[in-house]
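The entries follow in the order I made them.

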Amino acid sequence: MGSTLRVKLVGDDPELEKLDRVMRGAGVACTRAKDTDEACESQNEEAADLFVLGSSEFSQSHINLIQKLSPVPEVFLAAAKKVPNLAKVMSPALLYVDWSAEEILYQLEHGVSLFRRKRRLSALRDHRNRSWNLESNPAINLVTNVMRRCTAAEQYPDILSALLTLRTVVDFHDCALITLGDAGEVLEAWRHGKESREKIDPVEIAESLPRLAFAGLEDGKVSVFNSGDSAAPALDRFTLNPWSFAIAMRFSVPQAPRHSRSAKSAVLVLYRRELVPFLERDQWLMELTYGPLALALEKVAMLRAIGQASKEWRSTFDGISEPLTVIDRNYTIVKANKAFARLVDHDIKKLKGRRCYALLANRRQPCVSCPVGLSFQPQVGTRIQLQGKTKRDLLVWSYGIRTGLDSYHFQFYRNVSKETALASTLIQSEKMAALGKLVGAVAHEINNPLAGILATSQLLLEEAKGATGVDASILEDVEEIRSAAWRSKKIIDDLLGFTSEAKEQEEANLLSAVHSALAFAKSAMREISVKVHSEKAVPKAFVSVNSLQQVLFNLITNAAQAMNGKGALEINIAKDADSYRIDVRDNGPGIPPEKLSHVFDPFYTSKQEGMGTGLGLSIVRSLIHKMGARIEVSSTVGKGTEFRIFLPRQVEVAE
């Protein structure tokens, strides 16, 4: 009796103390409440089958308050030797505290047995009345309601939520939905308790759960279980409350998607806590829900398969490194990958619904030569030049797609701006090479008459020195002719050295190389103050003279362009421990830190559009490395930039 009897003592009366000691000594579950209100309020948390009221709680209003509980507990009045007159006329039985412990426990057990018998009879009477009034809840309405809610199901918990409609005709407390694999193993499960309203909770699946617990259920047939069956331990895992009876039905997917990981079948379980079995009508009504449940399970499996396929397609689409889009006949973007979002510098979530030509070229009309609309057959890559903030050359391939009455285009883009710039630079290099050969040929042709002019002027000056009566103005003119011819020959010799192919490395005078580079950059240095510093011992390094002149020429012209033709340029030639260093320093605007690390990258330029190709410093670094030297750069915004060239040391010659 101690394990099933639950008693609640109500009041602070002395006669309840003996009853408390007797019941606790017999192992009866006994709780205390200071008054009837507290006892009724705590009934949900601490349910009791029997209330024992002290003399202070002898009141018909208290009895009426207890009878409003569901289910109504049995009530006893604790009486001492002197019983109040009111207690003698009240309906509850009296429990005398001066009885022996055996008599008190017998009376309590008898009262609880009577209480449970009344509950069972009341439940049977209720089920009988509900079975007679089936017309008030027709089966067609049940199937319609379940079908309507199952149609809206998108996840497994939605199916269990739809089955809560059964409560209108089937009396159950808890329910569970269990999805099964091909071998009958439990994949996922959800449960619902009557007290949790419409909340559906997931169930943690243990690996030790026996597979045969649900594998033997026949599809579409309702099976009945009780708490004493061998399958009870498996059913216990899907409810948090003790149960007496349960009915379960297995339903399967009519046609499962291929290669889908979704469940092919599921089991619906209804639990009842009371000692009243399910009626045959309950089983029949549950069987009526088989069709809607199977269709709902198939829908969820299809949605899961579609979601998985969509996720895989999205991952593949975004994983392609080249820009891709799907556009409709109105050039509206339907899908785009991350590479396209990077190309147009927009958030990928905001691309859908935008016009492709507005994003790519900032146009109000489709791009010229756009392949869309020409044909639904794959087109050869079409070159489109975009004019905007940044000029870009794109190759576009378009593939037509038809889906019913709608048509779409799968657009594949390739940004060939760098390739175009490289091709243009190579063409320019070929032109410069041809021009260099032409300049060399012309220089040789000019050198011949210059040599004659220079020799003749020198002979005239020698003869004039030994003659008398020669006009001084004529001597000045001849000297001017000789000086001009010498300067012209020097310029042509420097031009031949600059345009000729790079020779093998040799000892070179660094100061002479600097002056030669300054001479070629003279047109860009008209308003720039130039200072050249060198040690007394003119350094000589083991380098290629032509390559060094080209490096210095590029650095000097870059500095002049950075200073917009006005400023100060300082070139310093110094000796380090194991090398010679040439520093080229300007007082221009400087280079920001985030751009400084990219100045030697090919095609990278900080100049305005059309002012540079981004290859100058890349070529400089390449020439420096070929000479076995190295180059460094430092810059301060607002103060200027300094390039440092470290050349291999060879010998020193004092002048």
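In what order do the five strands of the open sheet lie? I read the order as 2-1-3-4-5, with parallel pairing. I note that this is a predicted model, in which local features need pLDDT of at least 70 and side-chain atom pairs count only at pLDDT 80 or more, while totals for chains, interfaces and linings use all residues. Residues are numbered from 1 along each chain as its sequence is written, and side-chain values use heavy atoms, with hydrogens and water left out.

**Entry: sheet edges and twist**

I looked for the edge strands and found strand 2 (29–33) and strand 5 (93–96), each of which pairs on one side only. For pairing I keep to the rule that DSSP finds at least two bridges between two strands. Strands are DSSP runs of E with at least two residues, helices are runs of H or I with at least four, and both are numbered from the N terminus. From one strand to the next the twist averages 30 degrees. Such angles run from 0 to 180 degrees between N-to-C directions, with axes as lines fitted to C-alpha atoms, for helices over the stretch in contact.

**Entry: strands 1 and 2**

I followed strand 1 (residues 6–10) against strand 2 and noted five bridges in the parallel sense. Leu-9 has Arg-32 of strand 2 opposite it.

**Entry: strand 4**

How many residues of strand 4 (residues 74–79) are buried? I noted six of six. Buried means under 20% relative accessible area, exposed means over 50%, and partly exposed is in between (1.4 Å probe, protein chains only). Glu-74, Phe-76 and Ala-78 point to one side of the strand, Val-75, Leu-77 and Ala-79 to the other, and all are buried.

I then took the neighbours of strand 4. Strand 3 (residues 50–53) pairs with strand 4 in the parallel sense over four bridges, and Phe-51 has Val-75 as its bridge partner.

**Entry: cavities**

I counted two cavities of 30 Å³ or more. A cavity is a set of points on a 1 Å grid over the protein atoms alone where a 1.4 Å probe fits but cannot get out, and lining residues have an atom within 4 Å of a point. The largest cavity holds about 90 Å³, a volume being the space filled by probe spheres set on the grid points, which are joined across faces, edges and corners.

Its lining has 13 residues, with Cys-356, Leu-360, Cys-367, Cys-370 and Ile-384 nearest the centre. Helix 13 (356–361), strand 14 (382–386), strand 15 (392–403) and strand 16 (406–415) each give two or more residues to this lining. Helix 13 gives the largest share, three residues. By class I noted twelve nonpolar residues, one polar and no charged. Ala, Val, Leu, Ile, Met, Phe, Trp, Tyr, Cys and Pro count as nonpolar, Asp, Glu, Lys and Arg as charged, and the others, Gly among them, as polar.

**Entry: positive phi**

I looked up Tyr-331, a residue other than glycine whose phi is positive, near 65 degrees. Tyr-331 sits in the loop between strand 12 (324–328) and strand 13 (333–336). Asp-345, also not a glycine, has a positive phi of about 60 degrees, and I placed Asp-345 in the loop between helix 12 (338–344) and helix 13.

Is Tyr-331 buried or exposed? Tyr-331 has a relative accessible area of 17%, so it counts as buried. Asp-345 is at 66% relative accessibility and therefore counts as exposed.

Technical notes: 1 Å grid on protein atoms, 1.4 Å probe; cavity = no way out; pocket = protein on both sides within 12 Å on 5 of 7 lines; lining within 4 Å.
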